[in-house]
Amino acid sequence: MKIVSTFPRPVREIFNEWIPMSDGCRLAARIWLPEDAETDPVPAILEYIPYRKNDLTAERDVQHHAYIAGHGYACVRVDIRGSGESEGVLEDEYLQLELDDGLEIIQWLAEQPWCSGRVGMIGISWGGFNGLQLAALQPPALKAVISLCSTDDRYSDDIHHMGGCLLGDNLSWASTMFSHNSCPPDPRIVGDSWRDMWMQRLDGSGLWLAKWLKHQRRDEYWKHGSVCEDFSCIQCPVMAVSGWADGYSNAVMRLLANLQVPRKGLIGPWSHLYPHLGRPGPAIGFLQEALRWWDQWLKDTDTGIMDDPMLRVWMQESVAPSTSYDHRPGRWVVEDTWPGRNTRPVDYHLGFAWMGSQEEIHEEDGLTVQSPLSVGLFAGKWCSYSAPPDLPHDQRDEDGGAMTFDSDVLEEDMEILGPPVVELDLSSNRPVAMIAVRLSDILPDDKATRVTYGLLNLTHRNGHEHPEPLEPGKRYRVRIQMNDIAQRFPAGNRIRLAISTVYWPLAWPSPAPVRLTVYRKTSRLILPVRLPNPKDAEVRPFAQPEAAPALNKTLIQPTRQSWTVVRDLAKDESRLEVINDEGVYRIDDIDLEVASKVIENYVFCDDDYNSLRGETIWERSFRRGAWEVTTKARTLLTSSATHFHIRADLDAFEGDSRVFSRSWDEQIPRDLV
């Protein structure tokens, strides 16, 4: 990455600014803006997230916001109420209170003497969500949004559920926020009130996992904040960005298809990261692209960005399976509209020799599958947060427990762009069942690289609001849509469709083992085959990544990541252990040492569905001189055939003294999950 230290307009930083809310609560903001903005006002760009502006996101924020500010903007990074140094308590994600505060922040920004009155919003993940949510509320000053790695649908396409199945990342994410919400504000900013604020957070934030598990179907809880409920509410231009290794790439296509405002879509090979930091590579000059967007909509400068194609995506080439890639080979391809004019659905009926001689299979008897609980141990994360080592492993380790259909060796290249779909005629021996489908690229040496996948809780076959149990033995027709993808399958490779009844721990299994019968004569795979587009060759290249200088930071203890599968044959116990240790580092400019570490364990014994365990243990600490605080958060999720069971502990320490301790023990009925 190229570090840029000289800008068209010199930048000054306001390390902390208090933004007053109408109820008396103060929110903490960090601001970068041109030195002369009071005499030559500029548009403001807001990033509004709960991830602690002074420490946990400080390194990214400094490089990102100072760069944009140097080109004539006031970049404002605000911690949501109850996070960082902002007052109050954060009790859940995307609450109406959060959105109401956001509206007040936007109005406050527009009224500042250094602001031209125009505001944009940018954010990744949480900040991408609330950018869309606030745009739907139509505050007059909000003129444009860049939303990265976000969703329009909080139930169907978020970290909690997929196809009506409960995701393992629901536990992982709830635990992350359990830990985040336990962190204190910085005494250097809030003064002697820091301890009272900390105790309020520890006492009041609550156990979010329990809140979420009480909503296992698409109800009003999830509809709130889902802009897909009425896309027409968004009236300002939107740029939607994600990566194929991210969990949120599908929303880009839906936003392009459903919004009626000026819009652009960009999907690279990246995980859950800003594209100028993108891994797997290639990273791109995203901040330059953001400037083109902001100049267009906040300064009325014709930058030519609206002459670019509506959608640009990274068409991935065939690669061997790996849990991490430094670079994903491929090329940029474009579509002027979405749905694209260069794609067409092509059916492959499973009742024939698939993609082969088309010799029809006449038997009506179905094929059956009952997968072991081990199918999914090599699936990687639902959302890859930093790429290594959380991408899917060789799928041959999964396919032994699945029903598979292979094509013949491809005689010519095939490209797909969009969501592959599987339509199956099937029956189940249980009233509650799930199905996982995977599309893999089979290399000439038989290695299997997962391309995309989809899940469906079969009780949600007719919708997510009103699930219906299956009648054992009854035949149903179901549709499973996989995640959008752009992939080139080269001649000489094969394509595999794999079907399983388990995908643990990516998704929590059904209450009991399930045997599905698939009637392949009337079942089919539909691939979104992309035809050659001459405009691909004309695509404008991206600039190389640029950013402002990083903050001064000293590494004290190195980071460590691992992803380990252990099979204890003596106990017949399998365990997936994930360690993400961020090490210890000092932010030199504020003399603050920060440490964080999480260990996740997902365990089962034999084929015992009552033995499933997901456990997370988080530890965070902050130290400056004699001031030292540590928080430890543990969450354990288990299940029976009828209930989910949560046990959680939260402890907080000043130095060696424990100053807070609370435990939770809750049972929540399963709702056809």
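Ala, Val, Leu, Ile, Met, Phe, Trp, Tyr, Cys and Pro count as nonpolar, Asp, Glu, Lys and Arg as charged, and the others, Gly among them, as polar. By that division, the lining of the largest cavity holds 14 nonpolar, 11 polar and 7 charged residues. This is a predicted model, in which local features need pLDDT of at least 70, side-chain atom pairs count only at pLDDT 80 or more, and totals for chains, interfaces and linings use all residues. Residues are numbered from 1 along each chain as its sequence is written, and side-chain values use heavy atoms, with hydrogens and water left out.

**The chain as a whole**

- The chain has 11 helices and 33 strands; helices (H or I, at least four residues) and strands (E, at least two) are DSSP runs, numbered from the N terminus.
- The radius of gyration is 25 Å, close to the 26 Å that the globule rule gives for 673 residues, so the chain is as compact as a globular protein of that length. This radius is taken over C-alpha atoms, and the rule is 2.2 Å times the number of residues to the power 0.38.
- The C-alpha trace spans about 80 × 60 × 45 Å along its principal axes.
- Of the 673 residues, 62% count as buried (under 20% relative accessible area, with exposed over 50% and partly exposed in between; 1.4 Å probe, protein chains only).
- Among contacts (heavy atoms within 4.5 Å) with a separation of 6 or more, 75% come from residues 24 or more positions apart.

**Cavities**

- On a 1 Å grid over the protein atoms alone, a cavity is a set of points where a 1.4 Å probe fits but cannot get out, and lining residues have an atom within 4 Å of a point. Grid points are joined across faces, edges and corners, and a volume is the space filled by probe spheres set on the points.
- The structure holds 8 cavities of 30 Å³ or more, and the largest has a volume of about 460 Å³.
- The largest cavity is lined by 32 residues, and W244, A245, P392, R450 and V451 lie nearest its centre.
- Strands β20 (448-457) and β22 (485-489) each supply at least two residues of that lining, and β20 gives the most, with 5 residues.
- The second largest cavity has a volume of about 180 Å³. Of its 14 lining residues, K264, G265, L266, E289 and D308 are the closest to its centre.
- β11 gives the most to the lining of the second largest cavity, with 3 residues. That lining divides into 7 nonpolar, 1 polar and 6 charged residues.

**A pocket**

- A pocket is an open set of points with protein on both sides within 12 Å along at least five of seven lines.
- The second largest pocket has a volume of about 830 Å³. Of the 35 residues that line this pocket, R254, P419, R479, Q481 and M482 are the closest to its centre.
- The lining of this pocket divides into 17 nonpolar, 11 polar and 7 charged residues.

**Helix α2**

- Helix α2 (residues 96-111) has 16 residues and reaches 23 Å from its first C-alpha to its last, close to the 22 Å expected (1.5 Å times one less than its number of residues).
- The buried residues of α2 are E98, L99, D101, G102, I105, I106, W108 and L109.

**Residue T638**

- T638 is in strand β31 (residues 627-639), and T638 counts as buried because its relative accessibility is 18%.
- Leaving aside neighbours within four places in sequence, T638 is in contact with W508, L612, R613, H643, F644 and H645.
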